[in-house]
Amino acid sequence: MRKILLASHGTPGARAAERAALEMAAAEGAAVVHLYVVPEFWRGMRGDDWLNNASTQETFGNYVEGELAREAREEVERLAADARAAGVTLSSRAMFGAPVDCLLKAADEEQPDVVVMGMPRPKGESGYNSRMKLDLLVRELKVRLLIVPREPS
């Protein structure tokens with residue numbers, strides 16, 4: 001194995017996938033490519049349904065974009081530190097769009113030996129719902145897929 005594509009955005013399920021991917025990479029001498037997806041539902045988030053003028057909407061939109069960038073940067077830096085500690089070569093890429101589309105595109109471009117991701121978030125658990133369309137992913141993905149189960153809480 002030479003390359004692992006890891007889909008992670010820092011949720012508990014994604015962190016279980018991170019641990020599995022880093023362990024696998026360390027054992028196999030493989031590199032890990034971390035894919036961080038900003039879901040498309042953030043597109044155009046301007047608060048125009050409740051903010052009353054274009055200037056305020058622009059300011060709010062810039063704030064949202066800044067927060068999304070900060071969150072992505074923090075996740076990338078956290079995972080990079082974990083990879084260094086495990087002695088694993090890691091590169092990261094961020095994409096904006098539908099999670100399954102981004103993952104399929106990254107898999108086509110990166111040509112990994114395996115794609116690793118966490119299980120979908122259970123119903124009722126808090127957080128943003130940007131679920132991966134697993135049926136489409138399984139049908140379209142051209143490499144092995146490892147879905148790592150969540151660790152018991």
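Start with V116. Its bridge partner in β5 is L146. Five bridges join β4 to β5, and these two strands run parallel. Strands and helices here are DSSP runs, numbered from the N terminus: strands are E with at least two residues, helices are H or I with at least four. Two strands pair if DSSP finds at least two bridges between them.

A word on what you are looking at. This is a predicted model, so local features need pLDDT of at least 70 and side-chain atom pairs count only at pLDDT 80 or more, while totals for chains, interfaces and linings use all residues. Residues are numbered from 1 along each chain as its sequence is written, and side-chain values use heavy atoms, with hydrogens and water left out.

How confident is the predictor? pLDDT is its confidence in each residue, from 0 to 100. The protein averages 85, and 79% of the residues score at least 70. Confidence is highest in β1, at 98. It is lowest in helix α2, residues 54-86, at a mean of 83.

Now the overall layout. The protein has four helices and five strands. Along the sequence, the pattern is β-α-β-α-β-α-β-α-β.

The five strands form an open sheet. Its order is β3-β2-β1-β4-β5, with parallel pairing. β3 (90-97) and β5 (144-148) are the edge strands, and each pairs on one side only. From one strand to the next, the twist averages 25°. Angles run from 0 to 180 degrees between N-to-C directions, and axes are lines fitted to C-alpha atoms, for helices over the stretch in contact.

Next, the helices on the sheet. Contact means heavy atoms within 4.5 Å. Helix α1, residues 12-28, packs on the sheet and touches β1, β2, β4 and β5. Its direction makes about 145° with that of β4. α3 also packs on the sheet, touching β1, β2, β3 and β4. The direction of α3 makes about 140° with that of β3.

Stay with α1 for a moment. α1 has 17 residues and reaches 24 Å from its first C-alpha to its last, close to the 24 Å expected at 1.5 Å a residue. That expected span is 1.5 Å times one less than the number of residues. Just after α1, G29 takes a positive phi of about 70°.

Which residues of α1 are buried? Among them are G13, A14, E18 and L22. Buried means under 20% relative accessible area, exposed over 50%, partly exposed in between, with a 1.4 Å probe and protein chains only. Buried residues make up 40% of the 153 residues in the protein.

Why is β1 largely enclosed by the rest of the structure? Because five of its five residues are buried. Both faces are covered: K3, L5 and A7 on one side, I4 and L6 on the other. Five bridges join β1 to β2, which run parallel. In β2, the partner of I4 is V32.

Last, the cores. A nonpolar core is a set of buried Ala, Val, Leu, Ile, Met, Phe, Trp, Tyr and Cys residues joined through side-chain atoms within 4.5 Å. The largest one has 17 residues, and L5, L35, L103 and L137 have the most contacts inside it. β1, β2, α3 and β4 each supply at least two residues. α3 gives the most, with six. A second, separate core of 16 residues includes I4, L6, A21 and A25.

Note on methods:
pLDDT = per-residue confidence, 0-100.
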